[in-house]
Amino acid sequence: IKKEKQNEMLVEKLCHRFPKCNSISQKADLAFCIAQLKINEKSLKCLNDLFKLYKDALFDEDVFKSFASIVSKAKKFIKPEMKQGLEEWEARLSEHSETGMDNVLAGTKAQRAKVRAAKRAARNATRATQKKYYDSTDDEEESEDGKSDEEENASENKENSVPRSKSELAKGKSASNTREGRSRRLRSINA
């Protein structure tokens, strides 16, 4: 590229590609290509005007280094009237680099928190499932016995108060252990 006009147009076209990039490495490659071009005052003005297109990529170290090299090259040939504009652009680059890094760190922290919350939710769901399983297992054990703890306590109280028939006394069985006694006990509990 021999003509300055071609250089300026190439800088502008490369800047317009920043929003279309899918990865930060592509943005770093574009910034590197821009840094390899010969920069003049019009190119600097174009970079300053199109700042909004690449400001979100400045958090990356490679992208920032490429733009910092452009600034250092420009300081060598810049005219005194453009020096203030270059210093403002450099300050904007540094500012957005720092805030971009803060945003990346915040995003990383949020992602970690999200992963921890998902793990916690999964762990709580597992515990709830286990609790339901153990509760159902306890219910099955109670149904195998035919009595729950409350039913056993109630039957002990009723055993003492339920009168026994002569035939049950002869067999040595209480009324609560017979089928009739159990059904009476269940009816009294349900009532």
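In this predicted model, Glu-90 has a relative accessible area of 28% and is therefore partly exposed, since that class lies between the limits of 20% for buried and 50% for exposed residues. The side chain of Glu-90 meets that of Lys-75 in a salt bridge, with 3.2 Å from N to O. Because Glu-90 lies in helix 6 and Lys-75 in helix 5, the pair ties together parts that are 15 residues apart in sequence. Lys-75 is also partly exposed, at 44%.

The structure holds 4 salt bridges. Three of them are set out below.

| Glu-90 | Lys-75 | 3.2 Å |

Asp-56 is partly exposed at 46% relative accessibility, while Lys-27, at 11%, counts as buried. Glu-61 counts as exposed, because its relative accessibility is 51%.

Helix 5 (residues 61–77) also contains Phe-64, which is partly exposed at 25% relative accessibility. Phe-64 and Ser-97 are 33 residues apart in sequence, yet their C-alpha atoms are 7.0 Å apart in space. A further pair of this kind is Leu-37 and Asn-7, which are 30 residues apart in sequence and 6.8 Å apart from C-alpha to C-alpha. Leu-37 is found in the loop between helix 2 (24–36) and helix 3 and is buried, at 12% relative accessibility.

Helix 3 (residues 41–49) has the buried residues Ser-43, Leu-44, Cys-46 and Leu-47. They cover an arc of only 160° around the axis, and therefore lie on the same side of helix 3. The exposed residues Lys-42 and Lys-45 are carried by the face turned away from that buried side.

Helix 6 (residues 80–145) includes Arg-120, which is partly exposed at 43% relative accessibility.

Over the whole protein, the secondary structure comes to 9 helices and 0 strands. Of its 191 residues, 26% count as buried.

How values were computed. Residues numbered from 1 in each chain as written. Predicted model: local features only at pLDDT ≥ 70, side-chain atom pairs only at ≥ 80, totals over all residues. Heavy atoms only, no water. Helix = DSSP H or I, 4+ residues; strand = E, 2+ residues; numbered from the N terminus. Buried < 20%, exposed > 50% of the residue type's maximum accessible area, 1.4 Å probe, protein only. Arc of directions from axis to C-beta.
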